[in-house]
Amino acid sequence: MDTTPPKDQRPSDPTEPIEAPAAAAAGEIQSGRLAGKSLGAAIAIVAFPVLLQQVMAAFVGLVDKMLAGNLADDIVMAALDGVGVASYVGWLIGIAMSGLGIGGQAIIARAMGAGNVDEGEQALGHALGLSVAWGVLCGIVMWFTADALASIGQLGPEATTFSNQYIRTFAVSMPFFGVMMVGAMCMHGAGETLRPFLIAVAVNIVNVIVSWVLSGADLRVGDSVLVNPFSFDLDVLGIALGSGIGMAVGALLTIAVLFHGIKDLRLRTGMLSPRPAMSWRVVRIGIPNFFEGMAMWIANIIVLGFIGTLAGRAAQAALTAETGEDSSDLAMAGEGLQGAHIIAVQWEAFSFLPGFAIGIAAGALAGQYLGAGNAAMARKAVWVCVGLGTVLMGLIGIVFIIWGRELTSLISQQDVHLDVVPKLLVICGATQVFFAVSMVVRQALRGTGDTTWVFIITVVSSYGIRLPAAWFLGVYLDWGLPGIWIGLCGELGIRAMFFLARFVNGGWARQQL
């Protein structure tokens, strides 16, 4: 059904913002899936499918690492180190695309709240068109920087080969990933989260099957082993190809869903043609978000350098016999350290899922209520989401503290990983409540278009607190990888306070998009 508003609600210039209908003055959301819903129902409608969607996305990374951890014994350590360092590229491609996605999402959320369907469809078309071009450019950059990333992680020759295979396969897949991610974020802005989840399920099914078939790895879960009967034996390249093919399937499904249309939002070919005014609106909102993400990514690449320093220090000590430390202590700062770090990061990513999903709900609701002229309900929605996020992520933190070794063993049975990773998960688990506040409020601010302040807070906290603390505790005091994690997790608690201060200030409610 065509839900396009009457002509008297359309602007003469389709790139100009449309004035809200008079009904929006009542402060109720006017269009999209959340129109007419109670606050609790709206949070559930948005957050639950997003949570499931993010579980599916995290499962892609988990399967990749499980397969790498079950390759032949003579390459498993190099494979996990290579995939671990290359996994930072997965974060990078998310950052690269989220700027366009958040620009489209914020404009669509305001448009849905005001009942301006045309404006939402213009933002959708421009965001998707830009995602393809941006994906090609980012893929080219990734291809030529693969060696540099391996060098920063101080990988050996074999691990460098695996890392490059993983990164360059993802580089080719970037346009597909861009369409899939930006399309999902635009649907979130309209309150539609079920279809992105179903697309993520399809992507996971393709990824698991293709990666397992091509890699040659057996798949172990506890005492059960699924023996790989195929003879492709592409190792890490096969794992990466599975992920890339999954992204291509996800992009095609996203385009199909959007052309068919969701409630009050549909991709129309006429909206794909560039219009400078709307393109600039999408990009202008997304630029601070992009640089925020890049600042975080670069900070974490520097952390990889810290870990490489610890590994090199331990290797030199073992070589020259200048230390009396036992083998376990040497393992903590030596071979496999990058792999241990990324295994802990992988499980940490699962803990973020409730906070991220509820944060998406907070951003969508806050943006739509602002579009409807109801800042009080926008504020209430965010506070309710903060409470839900802290409870759920706090419970996950308890799981990390109690069952860290069991979680580690699902990915790797290597002694170094079983020794180090549970220590990191205890540190992570103890600070989950602070993570929750930081994630939910940050997503809420982004959803309202307050991306400049999110960028400022992230940069100041990351470079003024996060990196100095990680270096001082892990490298200077020589507390090793646990010291680095104490610095990393502690900083997120401080960052949460910064985000809360901005939210209480209320400047986000006055943002003009």
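Q: What is Lys263 in contact with, leaving aside its neighbours within four places in sequence?
A: With those neighbours set aside, Lys263 is in contact with Gly32 and Arg33. Contact here means heavy atoms within 4.5 Å. A word on the model: it is predicted, so local features need pLDDT of at least 70 and side-chain atom pairs count only at pLDDT 80 or more, while totals for chains, interfaces and linings use all residues. Residues are numbered from 1 along each chain as its sequence is written, and side-chain values use heavy atoms, leaving out hydrogens and water.

Q: Why is Lys263 called partly exposed?
A: Its relative accessible area is 49%. Buried means under 20%, exposed means over 50%, and partly exposed is in between (1.4 Å probe, protein chains only). The value of 49% therefore makes Lys263 partly exposed.

Q: What is the place of Lys263 in the chain?
A: Look in the loop between α6 (236–260) and α7 (276–320). The labels come from DSSP runs numbered from the N terminus: helices are H or I with at least four residues, strands are E with at least two. By that count, the protein chain has 14 helices and 2 strands.

Q: How do you know that the radius of gyration of the protein chain agrees with a compact globule?
A: For 513 residues, a compact globule would have a radius of gyration near 24 Å, and the protein chain has 23 Å, so the two agree. The rule behind this is 2.2 Å times the number of residues to the power 0.38, with the radius taken over C-alpha atoms. Along the principal axes, the C-alpha atoms fill a box of roughly 80 × 50 × 40 Å.

Q: How many of the 513 residues of the protein chain count as buried?
A: The share is 59%. Turning to contacts with a separation of 6 or more, 83% of them join residues 24 or more positions apart.

Q: Why is Arg442 called buried?
A: The relative accessible area of Arg442 is 17%, so it falls on the buried side of the cut-off. Arg442 is found in helix α12 (residues 432–447). Beyond its neighbours within four places in sequence, Arg442 is in contact with Glu292, Met296, Val454 and Phe499.

Q: What makes Trp508 buried?
A: At a relative accessible area of 1%, Trp508 counts as buried. Its place is in the segment after α14. Not counting residues up to four places away in sequence, Trp508 touches several residues, among them Leu370, Leu445, Asp450 and Phe503. Gly493 is 15 residues from Trp508 in sequence, and their C-alpha atoms are 21 Å apart.

Q: How many disulfides does the structure hold?
A: The structure holds 0 disulfides. Cys186 is in none: the nearest cysteine sulfur, that of Cys138, is 16 Å away.

Q: Why is Cys428 in no disulfide?
A: The nearest cysteine sulfur to that of Cys428 belongs to Cys489, 5.1 Å away, and Cys428 is in no disulfide. Cys428 counts as buried too, because its relative accessible area is 0%.

Q: What is the phi of Asp233, which is not a glycine?
A: Asp233 has a positive phi of about 50°. Why mention that? Most residues other than glycine have a negative phi. Asp233 lies in the loop between β2 (224–226) and α6. With a relative accessible area of 46%, Asp233 is partly exposed.

Q: Where is Asp478 found?
A: Asp478 is found in the loop between α13 (451–476) and α14 (480–505). Asp478 is not a glycine either, yet its phi is positive, about 60°. Its relative accessibility is 44%, so Asp478 counts as partly exposed.

Q: Which helix is Val257 found in?
A: Val257 is found in helix α6. Residues up to four places away aside, Val257 touches Met187, Arg195, Ile199 and Ile262. Val257 and Gly312 are 55 residues apart along the chain, with 50 Å between their C-alpha atoms.

How values were computed:
Disulfide = S-S within 2.5 Å.
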